[in-house]
Structure formats: structure tokens, C-alpha cells
Amino acid sequence: MFGLEALDLARIQFAFTISFHILFPAITIGLASYLAVLEGLWLKTHDDTYRDLYHFWSKIFAVNFGMGVVSGLVMAYQFGTNWSRFSDFAGSVTGPLLTYEVLTAFFLEAGFLGVMLFGWNKVGRGLHFFATVMVAIGTLISTFWILASNSWMQTPQGFEIVNGQVIPTDWLAVIFNPSFPYRLMHMATAAFVATAFFVGASAAWHLLRGKDNPAIRKMLSMAMWMALIVAPIQAVIGDFHGLNTLKHQPAKIAAIEGHWENHGNEATPLILFGWPDMKEERTKFAVEIPYLGSLILTHSLDKQVPALKEFPPEDRPNSTIVFWSFRIMVGLGMLMIFTGLWSLWLRKRDKLYTSRPFLYLALWMGPSGLIAILAGWFTTEVGRQPWVVYGLMRTADASSNHSFMQMSITLILFVVVYFALFGAGLGYMMRLVRKGPKISEGEETPEGGPGKKRTPARPLSAADDSADADHDTRLHKEI
């Protein structure tokens, strides 16, 4: 069907599940740190606005965290079911790294998550803040180990191959492989930026509908400060990451640039747009800027960037995909920087909360961070092909011996179940966002206990049913 084989379906299945999964950890990482900042500011300033925002976003965090754990388990199982040859070859490296993630990050998060979500008014303020900080640190530790494993697959070192299996010889070299620091910083910063635009879009949505209060304004203000500061930093990190990729994975860079061949000693142009054709070995309809490719990628005006024709056809990544996924990521990044700068201009003129064109832009930019993360991961993973462990094991040699029919059935089941289950979860989370933060107006936080709002008996009941109650009340009045 469509010229696909069992290997192609296995790759599609893994891409589908990891694309769903990465959205939840990205928001979890950003929201955990955001909650720690909110609670810290509340303890320092005694401004109840921060406390109200903490309670509001902690509900969304709880739902998002649960979906992230479930989707992550499914992805981990696929290493054994669909990629058993890879697990046999490199499991002695990837297995321990993922185990370290569970023993450190997951246990830390699980140990303090209950206190964070359900311990309000049950433990002291200092202890509760400590629990929130520990959960935030846990999400970053989790990012550390996951990126260490994936980065080793991109730039492997610290090992030897014995009897067809990878044997670690230097764990520090394995963990701190050449691409790891850049990819860790790039992903963590992307999570913060994505969360900032998610929070900012939520505030913009309420302001556009006339719900203007200190909590909503604080949400937008904090989100735009984060966008203004962190989005340009992410661009700088991306530049360093690109230079590292040029050094260790030049074929990936050539595919990203749609650059097929060098001519004499001419500098490499930057192809803004075009359509790389893998069969004809050229980029059609190319719109080029002379010298700019060399300037961006080598920081000089005379050095050349490696070209795709310098690599055997079987070793070339699919330039058509990574060319456009990279440009989607960069284009959204530029829009993020523009949004941050516009917010500063409006803030200076005291129009940040009233400029409807800006609020609409902030609303539309809500999913931009998550889309950019997906585009970045597609660039990274497709650009690594045809290798599953770069230079050591090809993807075609890593899959399990499943038939086309088996992979077709499981892929269909994954799509149906994921859209039903996680679609419902995302819908519920969006309902909470639409409800907005509840303003306490200085009253004390309600007492906790089973069935109470602050310490619910069931995890998902951390997001109370008042949204449904409000909806029923409005419906009754209309009738």
C-alpha cells in the first residue's frame, strides 16, 4: 500500500507515538518551573494573584503530567516490540540511561507530586514550595537522561563493539557525548518558550472576551517577558547546535540546506525556499541569497558547506522533509521573537492588555512552540537517517521481523486509541484553560480532604467540576 513496507510502518508508528508524547513533557517541563516561580513569588510578595494562578495552572499540570506518563510508557515498549534488533545492539547503553531517568527523575517527581497537588493547607508553606521545586527539578533531570540517550544515538562515543553489541567503556563519554550539551539546552529552552506562548495565548483568549482581571494580566505579562528574553536566547543556542551538527553530521546539514553540490571555491548560498528533489538530485524553484549559507553555517564568507552529492545516495537523509521542517521551526522562532518585541513596544505604551491585533497574534501563537518542537524533532530524527545509531547501525537493520499486515493493524489501532484517549484529555485540559483562574479576593484557601477542592481523592479531580457547574448554571438561566 502506497509503496510502503513493514519498516516504513514501524517508523511511522514510532514517529506518531513520539510526536504525541513530546507535546506533554514539553508543557510539563515549562509548567513545573512556572508553578515554582508562581509559588515563590507568592511567598515573597504575599500577592494572592500568584496563588490564584498557581491553583489554576496546577490543575492543568496534573492532567498534562498524567497523559505524558501514559504516552511515554507506550513509546518505551516499542523498543522491544518493533525495534528489538536495535535493543539487542545498543541496549547496554540506552537501557541504563533510561533506567537512570526512572530512578532519579521519575521517583523524584512521583515522591513530591502528591504533596504539590494535594498538600495545600496540609503541609507548611515552605515544605509545599520545596515539593513544587523538586517536581520542577525532576522534569529537568528527566530531560537530561532522555536527551543523553538520544544524543548518544546521534553522536555515539565511549563504547566498543564486542560480538555485534555495543559495550560501554566510559559512561561519562557516553552521557556527555559531543551533541548532548547543545541538544539539552535547545530542548529545555524550547519547552520554556512553548509553555510561555501557551500561557500567553490563554491570557489573550480571556482578554479578547472581556475577562480582564489582575490574574489574567499577570499571565500575559509573565508570558511575554519570557518570550522577549528566552526566544532570542533559543536562536543563539540553535546557532551553536547547528555548528555542532555541521561538525559531526554534515550530511544532515546538507539535507537541511537543500545543498547538492559546491562549485569551485564559491561560497555556499542560503536557499530560502525551494523543493529538494531526491531523484533529480537538485533543489527546484530555489530562491537563494549568495554567501549567506557560508556566513550562517561557518561564520565566514569563503568556507563551503558540505553538499549532498559528496555522500553516497544510500547515506543521504531525505532532504525534502528536513528542508521544510527546519524552515517551519525557524520561521516560528522568528515570529516568537517578533511577538516578544511587539509586546515590549506595547508595554512601554501601556497598551499590552488592550491592543486587539496583538492579543489575536498572541492567541494564534499559542501552539507555535509545540509545532516548532515537533518540526525540530522531525529535522533531527529524519536528518539522522539512514542511521538509527549514527555511523554504526542502519535503521533497516534495527527493526523487528514483523509482517506488513501486523504493522498495519497496530498502526491503525494506535491512531484510533491515541486520538480517542488523548483527544479527550486535551479537550478536558482546554476546558480548564477556557474557565480561567478563580480570583480568591483575599479569602483563605479552602480546607482539604477527600472530595474537597484542594486535596481531591482522585488525581484528575484536581481539576474540579466547577466548569461543568458553571456551564449548567448558564444553560439553566438561558432556558
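Is phenylalanine 422 buried or exposed? Phenylalanine 422 is buried, with a relative accessible area of 2%. That value, like the others here, comes from a predicted model. The cut-off for buried is under 20% relative accessible area.

Start with the helix that holds this residue. Phenylalanine 422 lies in helix 13, which covers residues 404–435. Leave aside the neighbours within four places in sequence. Phenylalanine 422 is then in contact with Phe20, Phe24, Met67, Val70, Ser71 and Val417. Now step along the chain to leucine 411. Phenylalanine 422 and leucine 411 are eleven residues apart in sequence, and their C-alpha atoms are 16 Å apart in space.

Helix 13 has 32 residues, which should span 46 Å at 1.5 Å a residue. Which residues of helix 13 are buried? They are Met407, Ser408, Leu411, Phe414, Tyr418, Phe422, Gly425, Met429, Leu432 and Val433. An α-helix has 3.6 residues a turn, so residues three or four places apart point the same way. The cover over the buried residues of helix 13 includes helix 1 (6–45), helix 2 (48–81) and helix 6. Just after helix 13 comes glycine 436, with a positive phi of about 80°.

Serine 33 sits in helix 1. Its relative accessibility is 17%, so serine 33 counts as buried. Beyond its neighbours within four places in sequence, serine 33 is in contact with Ala136 and Phe192.

Two packed helices are described by the angle between their axes and the distance between the axes. For helix 4 (residues 125–154) and helix 6 (residues 180–208), the axes come within 9 Å and cross at roughly 135°. Helix 4 and helix 6 are therefore oblique to each other. The crossing of helix 4 past helix 6 is right-handed.

The axes of helix 4 and helix 12 come within 10 Å and cross at roughly 40°. Asn150, Met153 and Gln154 in helix 4 meet Trp377, Thr380, Glu381 and Arg384 in helix 12. The residues in the contact of helix 4 with helix 12 divide into two nonpolar, three polar and two charged.

Now look at helix 12 itself. Helix 12 covers residues 368–384, 17 residues in number. From its first C-alpha to its last it reaches 24 Å, close to the 24 Å expected at 1.5 Å a residue. Helix 12 is mostly covered, with 14 of its 17 residues buried.

How exposed is isoleucine 371, which lies in helix 12? Isoleucine 371 is partly exposed, because its relative accessible area is 42%. Not counting residues up to four places away in sequence, isoleucine 371 touches Ile328 and Leu332. The C-alpha atoms of isoleucine 371 and isoleucine 229 are separated by 20 Å, and these two residues are 142 residues apart along the chain.

Methods. Residues numbered from 1 in each chain as written. Predicted model: local features only at pLDDT ≥ 70, side-chain atom pairs only at ≥ 80, totals over all residues. Heavy atoms only, no water. Axes fitted to C-alpha atoms, helices over the stretch in contact; angles between N-to-C directions. Helix = DSSP H or I, 4+ residues; strand = E, 2+ residues; numbered from the N terminus. Parallel < 35°, antiparallel > 145°, perpendicular 65-115°, else oblique. Left-handed = near helix turned anticlockwise from the far one by under 90°. Expected span 1.5 Å × (residues − 1). Buried < 20%, exposed > 50% of the residue type's maximum accessible area, 1.4 Å probe, protein only. Contact = heavy atoms within 4.5 Å. Nonpolar A, V, L, I, M, F, W, Y, C, P; charged D, E, K, R; others polar.
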